[in-house]
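Subject: Structure handover

Hello,

Please find the structure below, with the findings after it. Could you read through them when you have time?

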Amino acid sequence: EELLVESGGGSVEAGGSLRLSCTALRVTYSGVCVAWFRQSPGKEREGVASIDTSNDGTDYADSVKGRFTISLDNDQKTVYLQMAGLELEDTAMYYCATAFFCPGVRPEQYTTRDFRYWGQGTQVTVSS
């Protein structure tokens, strides 16, 4: 059963921007943790940002801090990841996921086991 749908990925030149969306189907992001992960070929899936929708608290991996912004739409059905200053290393498949609460560690320490529901992913490709 598909509960989360990502969109907004694409190809962009280094230094450019993209905004990813994660839309919840049939539910709202009320009182849960929503995180964005990314995975490059041959690498582990890594957490990059999260938002605690109970208090709008956000957290970011060091690799994206200052460049990416996670936010929750007022309807509480869409979480965005605004990405600016994109770098070649940001090329990856990006996934959103939800959990009952945000793990008490930095996003780069999140594991896939911490999150229950996942979207299908959206590809981001950054070129020079």
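Phe 37 has 0% relative accessibility and so counts as buried (buried is under 20% relative accessible area, exposed is over 50%, and partly exposed is in between, with a 1.4 Å probe and protein chains only). The model is a predicted one, in which local features need pLDDT of at least 70 and side-chain atom pairs count only at pLDDT 80 or more, while totals for chains, interfaces and linings use all residues. Residues are numbered from 1 along each chain as its sequence is written, and side-chain values use heavy atoms, with hydrogens and water left out.

There are six aromatic pairs in the structure (rings of Phe, Tyr and Trp, the last by its six-membered ring, pair if their centres lie within 6.5 Å; planes under 30 degrees apart are stacked, over 60 edge-to-face, and the rest tilted). One of them joins Phe 37 and Trp 118, whose ring centres are 4.8 Å apart with planes at 55 degrees, so this pair is tilted. It links distant parts of the chain, since Phe 37 belongs to strand 4 (residues 33-39) and Trp 118 to strand 10 (residues 117-118), 81 residues apart (strands are DSSP runs of E, at least two residues, numbered from the N terminus). Trp 118 counts as partly exposed because its relative accessibility is 23%. Trp 118 also pairs with Phe 115: the centres are 6.4 Å apart and the planes at 70 degrees, so that pair is edge-to-face. Phe 115 is buried, at a relative accessible area of 4%. One aromatic cluster is formed by Phe 37, Tyr 95, Tyr 110, Phe 115 and Trp 118.

**Charges over rings**

The charged end of Arg 45 sits over the ring of Trp 118, 5.0 Å from its centre (that is, NZ of Lys or CZ of Arg is within 6 Å of the ring centre and within 35 degrees of the ring normal). Arg 19 has its charged end over the ring of Tyr 80, 4.1 Å from the centre.

**Nonpolar cores**

The largest nonpolar core has 29 residues, of which Tyr 29, Trp 36, Ile 70, Val 79, Leu 81, Met 83 and Tyr 94 touch the most other members (a core is a set of buried Ala, Val, Leu, Ile, Met, Phe, Trp, Tyr and Cys residues joined through side-chain atoms within 4.5 Å). Among the elements that give two or more residues to this core are strand 3 (18-24), strand 8 (78-83) and strand 9 (92-99). Strand 3 gives the most, with four residues. Another core, of seven residues, lies apart from it and includes Ala 35, Ala 99, Tyr 110 and Phe 115.

Trp 36 is in strand 4 and is buried, at 0% relative accessibility.

**Positive phi**

Asp 56 has a positive phi of about 65 degrees and is placed in the loop between strand 5 and strand 6 (57-60). Gln 76 has a positive phi near 60 degrees, is found in the loop between strand 7 and strand 8, and counts as partly exposed at 29% relative accessibility.

Regards
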